[in-house]
Amino acid sequence: MPSSKPSRRRLGREALRAWYAPRRRAYPWRGSHDQYAVWVSEVMLQQTQASRVVPAFRSFLRRFPTVHALAAASRRDVVREWGGLGYNRRAVRLSEAARAIVRDHGGRIPRETATLRELPGVGPYTAAAVASLGFGQAVAVVDTNVRRVVARVLVGIDGHEAPARQVWALADAWLDRDDPITWNQAVMDLGREVCRPNPRCDACPLARVCRFRLAGAVPGRGSSRQGPFEGSGRQVRGAVVRALRSRSSLTRTRLADETGFPPERIDAAVATLTADGLVLDDAGAVRLAE
């Protein structure tokens with residue numbers, strides 16, 4: 001006789017759906033069937049807190065409301081509109097991908113993950129996010145936060161301990177194929193807000209079924225993805241881009257004066273930014289790339 005006791009998977013899904021329900025409209029990119037808006041939001045959210053992305057997302061879409069508008073814009077204008085989000089290479093790759101979409105796909109964002117991954121700057125995570133959240137495809141979306149949730153709940157280990165291939169397979173098996181958009185967003189929110197590196201298990205809707213918690217495991221430190229920002233090359237590159245946003249061009253000497261960094265640090269930053277396609281160095285006059 002079949003047991004009437006609900007499965008762990010069913011309990012977890014019901015609890016997570018109930019927890020996510022009031023968050024369904026927490027951000028302006030949610031509930032949209034505009035694949036372009038979904039794509040822009042996902043690129044912005046990479047390595048940036050959602051609260052910082054909200055005003056930047058709204059401003060960016062006012063300036064570039066469609067993929068055609070973004071493709072037609074100069075790289076300089078895109079980087080300027082990117083504002084203080086940081087990691088400015090994302091803006092360059094977004095611009096390059098928009099041009100590729102218009103040139104190669106008639107201005108229509110591809111719906112298949114394999115085709116999305118052919119676009120500049122689009123990796124496995126972004127491709128899955130656009131396919132699932134933008135088109136409703138039944139594919140798992142796995143970022144660092146989701147990896148941590150999946151590894152802890154289903155395996156009982158921390159995210160950095162679980163092989164990426166295993167996590168993707170488990171996330172795909174766990175996926176609610178009847179409503180992949182809601183499910184993926186719920187798991188991402190859970191990892192962002194509750195199942196943090198130092199988890200808030202008392203607030204977690206999956207506490208009853210989480211193998212990590214039930215085993216009494218203790219979160220490890222893991223490996224740091226980024227070094228300190230202060231004094232880093234990232235800080236110097238960001239300062240150079242900020243100085244150039246409001247100027248047509250600056251010499252390296254002026255950049256050193258404007259940013260307060262020594263000339264050798266400016267030289268290294270300009271070299272990297274040039275290689276990334278963010279700036280042009282025209283006979284000593286450095287400017288944002290077109």
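This is a predicted model: local features need pLDDT of at least 70, side-chain atom pairs count only at pLDDT 80 or more; totals for chains, interfaces and linings use all residues.
The protein chain has 15 helices and three strands. Helices here are DSSP runs of H or I with at least four residues, strands are runs of E with at least two, and numbering starts at the N terminus. Residues are numbered from 1 along each chain as its sequence is written, and side-chain values use heavy atoms, with hydrogens and water left out.

Overall dimensions next. The C-alpha trace spans about 80 × 45 × 30 Å along its principal axes. Of the 290 residues in the chain, 46% are buried. Buried means under 20% relative accessible area, exposed is over 50%, and partly exposed lies in between, with a 1.4 Å probe and protein chains only. Now contacts, meaning heavy atoms within 4.5 Å. Take those between residues at least 6 apart in sequence: 62% join residues at least 24 apart.

On to helix α2, residues 35-45. How many of its eleven residues are buried? Ten are, so to speak, under cover: α2 is mostly covered. The buried set runs Tyr36, Ala37, Val38, Trp39, Val40, Ser41, Glu42, Val43, Met44 and Leu45. The cover includes α3 (50-63), α4 (67-72), α5 (75-82), α6 (89-105) and α8.

Let's take α8, residues 124-135. Two packed helices are described by the angle between their axes and the distance between the axes. For α2 and α8, the angle is about 145° and the axes are 9 Å apart. The axes are lines fitted to C-alpha atoms, for helices over the stretch in contact, and angles run from 0 to 180 degrees between N-to-C directions. Which residues meet there? From α2, Gln35, Val38, Trp39, Glu42 and Val43. From α8, Tyr125, Thr126, Ala129, Val130, Leu133, Gly134 and Phe135. By class, that contact has eight nonpolar, three polar and one charged residues. The classes: Ala, Val, Leu, Ile, Met, Phe, Trp, Tyr, Cys and Pro are nonpolar, Asp, Glu, Lys and Arg are charged, and the others, Gly among them, are polar.

Now the rings. A search of the whole structure finds six aromatic pairs. The rings are those of Phe, Tyr and Trp (its six-membered ring), paired if their centres lie within 6.5 Å; planes under 30 degrees apart are stacked, over 60 edge-to-face, the rest tilted. Why is the pair of tyrosine 36 and tryptophan 39 edge-to-face? Because their planes stand at 65°, with the centres 6.2 Å apart. Tyrosine 36 and tryptophan 39 are three residues apart in helix α2, so about one helical turn separates them. Tyrosine 36 is buried, at 4% relative accessibility. Tryptophan 39 is buried too, with a relative accessible area of 4%.

Tryptophan 174 and tryptophan 183 also pair edge-to-face, because their planes are at 85°; the centres are 5.1 Å apart. Ring pairs also link Tyr27, Trp29 and Phe57 into a cluster.

Back to tyrosine 36. Leaving out residues up to four places away in sequence, tyrosine 36 touches Phe60, Leu61, Phe64, Pro65, Thr66, Val67, Leu70 and Ile109.

Last, charges over rings. The cut-offs: NZ of Lys or CZ of Arg within 6 Å of the ring centre and within 35 degrees of the ring normal. Arginine 23 lies over the face of tryptophan 19, 3.9 Å from the ring centre. Arginine 152 has its charged end over the ring of phenylalanine 212, at 5.1 Å from the centre.
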